[in-house]
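Please read this briefing alongside the sequence and the coordinates.

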Amino acid sequence: MKKTGIGIMCLAALLLAGCGATLPNMTDEETDIIGEYAAITLLKYDVNSRSRLVDLSQMEELEESGAPSVVEPEPLPEKPSEETPDIPDTPVIDISASGLETVGSLESFLELPEGLSLANTGYELCQSYQGAAGSYFALEASEGKELLVLQFTLQNQSGASQEINLLDRQDNYRVTVNGSYNKTALTTMLTDDLSTYKGTLAAGSTEKVVLVFEVDPVQTGSVDSITLSLKNDLKTYTIQVL
């Protein structure tokens with residue numbers, strides 16, 4: 001304290017001297033040191049200047065050493081991070097088939113006229129399918145693929161001819177082989193393609209129709225099961241082929 005008082009008094013005498021007083025000659029470095037020291041000392045004893053940004057203990061060390069130094073301010077307290085609150089996991093619900101009616105037959109799903117029946121009669125694996133007798137089109141498998149042809153019999157058991165139009169429907173036919181391999185039916189120009197069938201079936205007559213899928217031979221090398229699933233915007237139906 002004694003050194004501090006003497007320092008302040010000397011500094012005050014220098015700063016408050018009259019206009020005619022002569023200041024001792026000092027170098028620029030000495031002038032800077034005295035000015036910085038005076039600013040820090042006056043700040044320390046000015047109660048209105050106390051702040052959490054100024055470390056007074058460092059000023060004491062500065063004063064004892066007699067060497068001016070820049071006082072590093074204390075860091076401001078960290079603002080708590082605004083973390084996004086934990087949101088409970090929302091269960092994922094598969095709505096792909098929600099609200100759809102599950103029907104009990106192919107006839108009901110396809111809305112065939114009264115007296116018409118449709119039954120699966122088997123399947124075959126081949127490289128090409130020639131279609132019904134008199135058909136103008138044949139279907140060839142792509143390179144490295146083969147065709148899975150599901151076979152059906154469409155029969156008119158009513159006493160009158162029946163008009164059938166499956167071409168305008170928006171049905172999806174999907175086959176599952178061995179419980180995990182899935183493929184969607186090809187859309188073809190075959191006259192006996194069930195998915196695009198349109199024609200008149202005479203009373204008491206029978207017609208062969210098919211659904212054709214292009215598959216990987218490695219997946220169908222050993223066929224243990226085949227399931228056909230039919231679906232549209234309103235309903236769904238599943239049939240076990242094998």
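This is a predicted model: local features need pLDDT of at least 70, side-chain atom pairs count only at pLDDT 80 or more; totals for chains, interfaces and linings use all residues.

Residues are numbered from 1 along each chain as its sequence is written, and side-chain values use heavy atoms, with hydrogens and water left out. The protein has 5 helices and 12 strands, where helices (H or I, at least four residues) and strands (E, at least two) are DSSP runs numbered from the N terminus.

**Burial and surface**

- Of the 242 residues in the protein, 31% are buried, a class that means under 20% relative accessible area, with exposed meaning over 50% and partly exposed in between (1.4 Å probe, protein chains only).
- The protein exposes about 16,000 Å², of which carbon and sulfur atoms supply 54%; these areas come from the Shrake-Rupley method with a 1.4 Å probe, and for residues only the protein chains shown count as cover.
- Among contacts with a separation of 6 or more, 69% are between residues 24 or more positions apart, a contact being heavy atoms within 4.5 Å.

**Nonpolar cores**

- The largest nonpolar core has 32 residues, and L150 and L228 have the most contacts inside it; such a core is a set of buried Ala, Val, Leu, Ile, Met, Phe, Trp, Tyr and Cys residues joined through side-chain atoms within 4.5 Å.
- At least two residues of this core come from each of several elements, including helix 4 (106–110), strand 5 (146–156), strand 10 (206–215) and strand 11 (226–231).
- Leaving aside residues up to four places away in sequence, L228 touches a set of residues that includes L150, F152, L211, F213 and I239.

**Strand pairing**

- Strand 5 and strand 10 pair in the antiparallel sense over 10 bridges, pairing being assigned if DSSP finds at least two bridges between two strands.
- E146 has V215 of strand 10 as its bridge partner, and strand 10 is mostly covered, with 7 of its 10 residues buried.
- An open sheet of 5 strands has the order 1-12-11-7-8 with mixed pairing, and its edge strands, strand 1 (101–102) and strand 8 (181–184), each pair on one side only.
- Strand 11 and strand 12 run antiparallel and are joined by 5 bridges, with T238 of strand 12 as the bridge partner of S229.

**Salt bridges**

- The count comes to 4 salt bridges, each defined as a side-chain nitrogen of Lys or Arg within 4 Å of a carboxyl oxygen of Asp or Glu.
- E111 and R169 meet through their side chains in a salt bridge (3.1 Å, N to O), linking the loop between helix 4 and strand 2 to the loop between strand 6 (162–165) and strand 7, 58 residues apart.
- A salt bridge also joins the side chains of E111 and K235 (3.1 Å, N to O), with K235 in strand 12 and the two residues 124 residues apart.
- The side chains of R169 and D171 meet in a salt bridge (2.5 Å, N to O), and E111, R169, D171 and K235 are linked in a network of salt bridges.
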